[in-house]
Amino acid sequence: MKKTFLLLSFLCFSASVFAQDVIITKENERIVAKVLKVYDAVVKYALFSDPDGETFLISKTKINTILYEDGVVETYDNTSANNVESKTVSDKTPMPINSSEKIFHNVIKLKPFATIVGLIIGLVEFDIQYTRYLTNKVGIPVEVDLFGAPGYGMSFALMTGIEAVPATHRQKSGLLLNALVGAIVYDKAGVLVNANIGYQLVTKKGFVFATTIGPMYSGLTNKVTVRFSLDFGVAF
């Protein structure tokens with residue numbers, strides 16, 4: 001009886017381990033997933049480690065092979081696997097792209113908190129940041145800051161660097177890290193360095209909310225200050 005129980009337990013465990021789909025890209029990347037739907041041009045899937053979480057779309061042009069949990073192999077290079085059944089994909093299936101499935105590559109954020117604080121202390125400041133995401137988690141931000149005070153004129157700052165969202169529960173949402181470096185021009189030019197840690201949320205509709213804090217070094221004053229920011233914007 002004990003042997004039978006152990007055997008059944010092992011079989012159940014084995015089934016749970018291998019009950020997964022594997023997407024192999026043309027770059028030989030292996031994505032352990034659960035394929036949810038195959039459309040004309042894309043495949044919709046969830047990660048096997050989080051089957052009820054975020055869903056993703058991948059273009060068929062990027063896929064080499066899909067190994068399904070039932071042993072079926074589907075290839076996209078016009079070759080058939082030897083002695084393996086090929087899964088039929090209907091070309092009549094429409095490809096719905098809605099807001100919950102859209103893949104965002106661009107984020108524009110405004111920094112109104114800096115403007116409010118600036119007005120309180122007699123400084124006019126306007127900050128805007130554009131980030132182009134190269135992957136779902138890594139992007140290149142470009143930030144432009146304009147600020148000035150009565151009797152001092154206007155100052156201009158331009159920064160760029162790298163941004164990462166390493167822990168996500170939704171695309172580009174989660175822990176936010178970025179490092180910016182650039183120049184600030186007042187009556188003379190100086191270097192500007194800013195590192196931030198915070199949290200960014202991108203909703204399914206593409207609205208962006210973020211909060212960050214980190215040290216900022218200004219070459220004009222040769223001082224390090226703490227920069228805190230509350231941002232909002234849009235993703236597209």
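The model is predicted. Its chain has 236 residues, and 35% of them are buried. The secondary structure comes to two helices and 15 strands. Take the contacts between residues at least 6 apart in sequence: 44% of these join residues at least 24 apart. The chain exposes about 14000 Å², with 66% of that supplied by carbon and sulfur atoms.

Now look inside. The largest nonpolar core holds 14 residues. Ile23, Val35, Val43, Tyr45, Ile63 and Ile66 touch the most other members. Strands S2, S3, S4 and S5 each give two or more residues to this core. S2 gives the largest share, four residues. Ile23 shows how such a residue is surrounded: among its contacts are Ala33, Val35, Tyr45, Ile63 and Ile66. Another core, of eight residues, lies apart from it and includes Tyr133, Leu176, Val202 and Val208.

Next come the charged pairs. There are five salt bridges. One joins Glu69 and Lys34, with the closest N and O atoms 2.4 Å apart. Glu69 sits in the loop between S5 and S6, while Lys34 is in strand S2, 35 residues apart. Glu69 is partly exposed, at 37% relative accessible area, and Lys34 is partly exposed too, at 31%.

Lys111 and Asp231 form another salt bridge, at 2.9 Å from N to O. They are 120 residues apart. Lys111 counts as buried at 6% relative accessibility, and Asp231 at 5%.

Finally, Glu143 meets Arg227 at 2.7 Å, N to O. Glu143 lies in strand S9 and Arg227 in strand S15, so the pair ties together parts 84 residues apart in sequence.

Notes: Residues numbered from 1 in each chain as written. Predicted model: local features only at pLDDT ≥ 70, side-chain atom pairs only at ≥ 80, totals over all residues. Heavy atoms only, no water. Core = buried A, V, L, I, M, F, W, Y, C linked by side-chain atoms within 4.5 Å. Buried < 20%, exposed > 50% of the residue type's maximum accessible area, 1.4 Å probe, protein only. Contact = heavy atoms within 4.5 Å. Areas by Shrake-Rupley, 256 points an atom, 1.4 Å probe, with all protein chains shown as cover. Salt bridge = Lys/Arg side-chain N within 4 Å of Asp/Glu carboxyl O. Lists of a residue's contacts leave out its neighbours within four places in sequence.
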